[in-house]
Amino acid sequence: MYVFGGEIGEAVDPVLVADDGTVTNGAYPQAAGLNGGYTILDLPSCEAALEWAKKIAAPCRSSQEVRVFRFDTLA
């Protein structure tokens, strides 16, 4: 069953939100493999995305990488 398609918006730099709420520019350091999952939220602004990342990071005790996702409107 097809769910959705799209890509990471490379024109917008990633942001990392730590479990204490600290926000820094950049992505996770390169890792050998995937070490977690992902959440896709449809939100009105970057600020809203950062607030959600803070809400997710605290209980997970893990930094959250925030990126823009561009849905494939032709799929």
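Author: Begin with the inside. In soluble globular proteins, nonpolar side chains tend to be buried together. In this predicted model, the largest nonpolar core consists of Val15, Val17, Ala49, Leu50, Ala53 and Val66, six residues. A nonpolar core is a set of buried Ala, Val, Leu, Ile, Met, Phe, Trp, Tyr and Cys residues joined through side-chain atoms within 4.5 Å. Buried means under 20% relative accessible area, exposed over 50%, and partly exposed in between (1.4 Å probe, protein chains only).

Reader: Which elements give two or more residues to this core?

Author: They are β2 (15-17) and α1. The most comes from α1, which gives three residues. Helices (H or I, at least four residues) and strands (E, at least two) are DSSP runs, numbered from the N terminus.

Reader: What does Ala53 touch?

Author: Contact means heavy atoms within 4.5 Å. Leaving out residues up to four places away in sequence, Ala53 touches Val17, Gln64 and Val66.

Reader: How do I read the order of elements along the chain?

Author: Go from one end of the sequence to the other and write down each element.

Reader: In what order do the strands form a sheet?

Author: Strands of a sheet pair through backbone hydrogen bonds, either parallel or antiparallel. Two strands count as paired if DSSP finds at least two bridges between them. In this model three strands form an open sheet, ordered β3-β2-β4, with antiparallel pairing. At the edges are β3 (23-25) and β4 (64-66), each of which pairs on one side only. On average, neighbouring strands of this sheet are turned by 25° against each other, direction ignored.

Reader: How many salt bridges does a search of the whole structure find?

Author: Two. A salt bridge is a side-chain nitrogen of Lys or Arg within 4 Å of a carboxyl oxygen of Asp or Glu. One joins Lys54 and Glu51, with the closest N and O atoms 3.6 Å apart. These two lie three residues apart in helix α1 (residues 46-60), so about one helical turn separates them. Lys54 is partly exposed at 29% relative accessible area, and Glu51 is partly exposed at 42%. The other bridge joins the side chains of Arg67 and Glu65, at 2.5 Å from N to O. Arg67 is partly exposed at 37%, as is Glu65 at 27%.

Reader: Where in the chain is confidence lowest, and where is it highest?

Author: The score is pLDDT, the predictor's confidence in each residue, from 0 to 100. Where pLDDT is low, the predicted coordinates should not be read in detail. Strand β1 (residues 6-8) has the lowest mean, 79, and α1 the highest, 93. The chain averages 83, and 84% of the residues score at least 70.

Reader: What rules lie behind these values?

Author: Residues are numbered from 1 along each chain as its sequence is written, and side-chain values use heavy atoms, with hydrogens and water left out. Local features need pLDDT of at least 70 and side-chain atom pairs count only at pLDDT 80 or more, while totals for chains, interfaces and linings use all residues.

Conventions. Axes fitted to C-alpha atoms, helices over the stretch in contact; angles between N-to-C directions.
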